[in-house]
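Subject: Structure handover

Hello,

Please find below the structure I said I would pass on. My notes on it come after.

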Amino acid sequence: MLIRSLSAALFSLSLVACTHPLTPVETPPPSGTLYDYQIQSPNGVPYSLNELANALGDYDVVLVGEWHTHPGIHLFEAQLLSTLAARYPATALSMEQFSRAEQSTLDAYLAGEIGESTFIDKSSAWPNYVSDYRPLIEIARQDALPVIAANAPQSIVRYIGREGESYLERLSAKERDWVADTLTKDESPYKEKFFAAMFHGDETKTLNQYLAQIAWDDTMAESIVDFLAANPGYKVMQIAGAFHVEEGLGIASRITARNPSLKVAIISPQTADDPLAAEITDFRLVVNALPSQWVNEEEMNQAMAAMRHSSATTCP
């Protein structure tokens with residue numbers, strides 16, 4: 001699961017309270033197709049979508065971790081956003097898939113000032129926007145929900161990954177505003193997790209890659225905190241790759257550092273045969289596993305090397 005979520009990152013209740021007893025249950029596989037999913041509390045209690053919305057009532061921020069190409073997760077995200085918007089009209093959507101540089105284009109589309117083709121072109125929308133993220137944006141447009149283009153631009157993040165934090169000093173004032181004021185670089189469980197997944201013998205290279213990773217996390221966290229400061233009473237639902245979300249080590253820790261009073265919920269995906277560790281306190285989104293990306297380690301290493309080469313050679 002770690003390789004799947006990290007490679008994607010490199011390329012994020014009835015009307016009464018839940019009455020289930022808080023007793024863990026064995027996790028069965030979701031039935032049917034890749035569109036099927038199940039929701040569980042952190043200790044395995046099954047939730048309906050409405051029950052989850054009830055459980056999220058007291059939270060200021062709901063972080064939803066995703067595997068970027070999983071259809072069941074995208075279906076859940078759209079249904080959760082629609083449910084939250086109906087239950088809590090002061091709901092905003094925040095997305096890893098758009099950067100601060102694209103906020104004005106996103107706002108213009110939400111306001112009906114430009115069409116979808118222009119929006120997709122000018123916002124550098126992800127290749128799977130139409131199949132996977134269009135439903136979220138259209139729910140926001142229909143219900144007049146604010147949408148936060150929360151991330152740092154990919155072009156800047158790529159250069160940080162190559163050159164380190166010093167690259168930020170070369171940006172114009174306008175470009176610098178597209179990245180969080182400060183990057184949380186201290187030793188942490190998140191840094192340990194990243195190095196365990198990504199270290200291949202080059203300390204400097206891996207450190208720069210980590211700085212690129214936290215440029216995403218800190219910028220998304222700062223975007224959410226700034227929005228809530230300007231719009232008290234709102235609830236923010238953030239979509240990001242699972243690695244940015246799991247265990248509260250990425251975006252959540254950066255939100256808490258900036259505003260400890262905010263209450264953050266985390267929803268992380270898992271499969272029945274590859275569950276989250278029992279000690280992880282995230283809400284669980286149980287889905288069927290995607291087809292294997294690689295059949296052996298050699299194939300995986302070749303694919304990852306090609307990905308790194310493409311990233312290095314396509315920087316503007």
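Predicted model: local features only at pLDDT ≥ 70, side-chain atom pairs only at ≥ 80, totals over all residues.

Residues are numbered from 1 along each chain as its sequence is written, and side-chain values use heavy atoms, with hydrogens and water left out.

Confidence. pLDDT is the predictor's confidence in each residue, from 0 to 100. The average for the chain is 90, and 89% of the residues score at least 70. Residues 1–25 have a pLDDT below 50. Beyond near neighbours in sequence, that stretch makes 77 contacts in the model (a contact means heavy atoms within 4.5 Å).

The sheet. Helices (H or I, at least four residues) and strands (E, at least two) are DSSP runs, numbered from the N terminus. An open sheet is formed by 8 strands, in the order β2-β1-β8-β7-β3-β6-β4-β5, with mixed pairing (two strands pair if DSSP finds at least two bridges between them). The edges are β2 (46–47) and β5 (147–151); each has a single partner strand, so one side of each has no neighbour in the sheet. Strands β4 (residues 91–99) and β6 (residues 235–241) run parallel and are joined by 5 bridges. Thr 91 has Lys 235 in β6 as its bridge partner.

Helix α12 (residues 251–258) packs on the sheet, where it touches β3, β6 and β7, and its direction makes about 160° with that of β3. Axes are lines fitted to C-alpha atoms, for helices over the stretch in contact, and angles run from 0 to 180 degrees between N-to-C directions. Helix α3 (residues 71–87) lies across several strands, including β4 and β6, and runs at about 165° to β3.

Helix pairs. The axes of α9 (residues 189–198) and α10 (residues 203–230) come within 10 Å and cross at roughly 130°. That makes α9 oblique to α10 (angles under 35 degrees count as roughly parallel, over 145 as roughly antiparallel, 65 to 115 as roughly perpendicular and the rest as oblique). Among the residues that meet are Phe 194 and Phe 195 in α9 and Leu 207 and Ile 214 in α10.

The axes of α4 (residues 103–110) and α6 (residues 129–143) also come within 10 Å, crossing at roughly 60°. This makes α4 oblique to α6. Leu 106, Tyr 109 and Leu 110 in α4 meet Ile 137, Glu 138, Ala 140 and Arg 141 in α6.

Regards
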